[in-house]
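Here are my notes for your first read-through. Keep the structure open beside them and check each point as you go.

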Amino acid sequence: MTTQQDLYDVLGVSREASQEEIKRAFRRLAMEYHPDRNKSDGAEGRFKEIAGAYEVLSDPEKRGRYDRFGAAGLNGGQAQGFQGFEGFAGFAGFGDIFDAFFRGTAAQRAAQRGSDLRIELELDFEQAVFGVERELAYEHVEDCGDCRATGQRRGSELSTCTECNGQGEIRRVERSIFGQFVNVAACPRCRGEGRVVTDPCHTCRGRGQRRVEARRSVRIPAGIDDGSQIRLSGGGNAGSHGGPAGNLYVQVSVRPHERFERAGDDLLYELPLNVAQAALGVTVDVPTIEGDEIELEVKAGTQHGELFPLRGRGVPHVRGSGRGDLIVRAHVVTPTRLSPEQRELLGQLAESLGTPAVPSDGGSILSRIRDALG
């Protein structure tokens, strides 16, 4: 950029432009030409020109000197801290202006995603096995429809912030041994908006958002396990400045079943047998999670803890097709109350059998399940 190039032309504004118009022009051009966003030839140089023009025109004192004396008023202002503006070629560090402008005050005005929410959902054992559709009721934050998320009563206008004069930022000039620096911070009164609520919306009380009860259906997939989590996109709190809503996370807990236990996608069932049934063998009906029964033949000599897998009668796989198994575990029950006749018969049997040999250790129940499944 040469010293003859008009700074107002660089930003594309008139000499009568307000500070807000200058600010908007800089924002638009800086976003277009910043080297991190625009990799074309000449973009970096163009960005430096834009930043240099904004540095002068956004400062009332520098703008006044420029309006009266042109570029010479800046070049000759070394005593006032204008060194380095000769020909406006020394703006190599004006990426800092962009950072302060867009990552400081503008970052607060940019669209921001809403926060996530988490709720707990308790299911019956059968609901977790076969799946179910449930309706959720919970509270979340949404944009106020009455004021269109402005916080200002509909029909009235937001007022210009008197703290920052509508700039949305507070600028402080600091000096150091390295020169003059402009510290830009979001205005604490308007939080970088440049405008403030003066006639609050009665619905949201000027906040622009309100907490309401939401209802949403969720399909629980068959086979979901205790402790699983389901994500519902957009079910969380509303974002700000048009940003997307957060997510709703449903934490699932499953009530225990009175008959079955779950081990992964397998179901475990304890089958009670008396000593005679285990010794002689027996055919029994085993209940299933569907509510029907399966006939199971228990072989003679069945030991306590022995496993009988019933293929495909367990829990459906959440990912993929098929189901786990129903694993029946023999539970040989020793009687605690005997009639005189039973006591006599067992005594005769005990004498006849003698002392039994201790069976080898079958390992843990999980290892025996693996062995039973082959």
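In which sense do β8 and β9 pair, and over how many bridges? Point 1 takes this up.

1. **The pair β8 and β9.** This is a predicted model. In it, β8 and β9 run antiparallel to each other, and four bridges join them.

2. β8 and β9 belong to an open sheet of three strands. The order is β1-β9-β8, and the pairing is mixed. The edge strands are β1 (117-123) and β8, since each pairs on one side only. Neighbouring strands here are turned against each other by 25 degrees on average, with direction ignored.

3. Find N247. N247 sits in the loop that links β8 (229-232) to β9 (248-254). Is N247 buried or exposed? N247 counts as buried, because its relative accessible area is 11% and the cut-off for buried is under 20%. Look at what surrounds it. Beyond its neighbours within four places in sequence, N247 contacts R113, S115, D116 and L117, among others. Its contacts also include R231, L232, S233, G234, G235 and G236.

4. **Inside helix α3.** Now go to I50, in helix α3 (residues 43-57). I50 counts as buried because its relative accessibility is 0%. Which residues does I50 touch, leaving out those up to four places away in sequence? They are V10, L11, F26, L29, A30 and Y33. Take A30 from that list. A30 and I50 are 20 residues apart along the chain, and their C-alpha atoms are separated by 6.9 Å.

5. **Helix α4, end to end.** Start with the N-terminal end of α4, which D59 caps. A side-chain oxygen of D59 lies 2.9 Å from the backbone nitrogen of E61. Within α4 (residues 60-69), the buried residues are K62, R63, G64, R65 and Y66. Just after the helix comes G70, with a positive phi of about 75 degrees.

6. **A reminder on helices.** An α-helix has 3.6 residues a turn, so residues three or four places apart point the same way. Keep this in mind when you view a helix from its end.

7. **The whole chain.** How many helices and strands does the protein chain have? It has ten helices and 15 strands. Of its 374 residues, 39% count as buried. Take the contacts between residues at least 6 apart in sequence: 64% of them join residues at least 24 apart. The accessible surface comes to about 21,800 Å², and 47% of it belongs to carbon and sulfur atoms.

How values were computed:
Residues numbered from 1 in each chain as written. Predicted model: local features only at pLDDT ≥ 70, side-chain atom pairs only at ≥ 80, totals over all residues. Heavy atoms only, no water. Helix = DSSP H or I, 4+ residues; strand = E, 2+ residues; numbered from the N terminus. Buried < 20%, exposed > 50% of the residue type's maximum accessible area, 1.4 Å probe, protein only. Contact = heavy atoms within 4.5 Å. Polar contact = N/O pair within 3.5 Å; in protein donor to acceptor, adjacent residues only side chain to side chain. Pairing = 2+ DSSP bridges. Axes fitted to C-alpha atoms, helices over the stretch in contact; angles between N-to-C directions. Areas by Shrake-Rupley, 256 points an atom, 1.4 Å probe, with all protein chains shown as cover.
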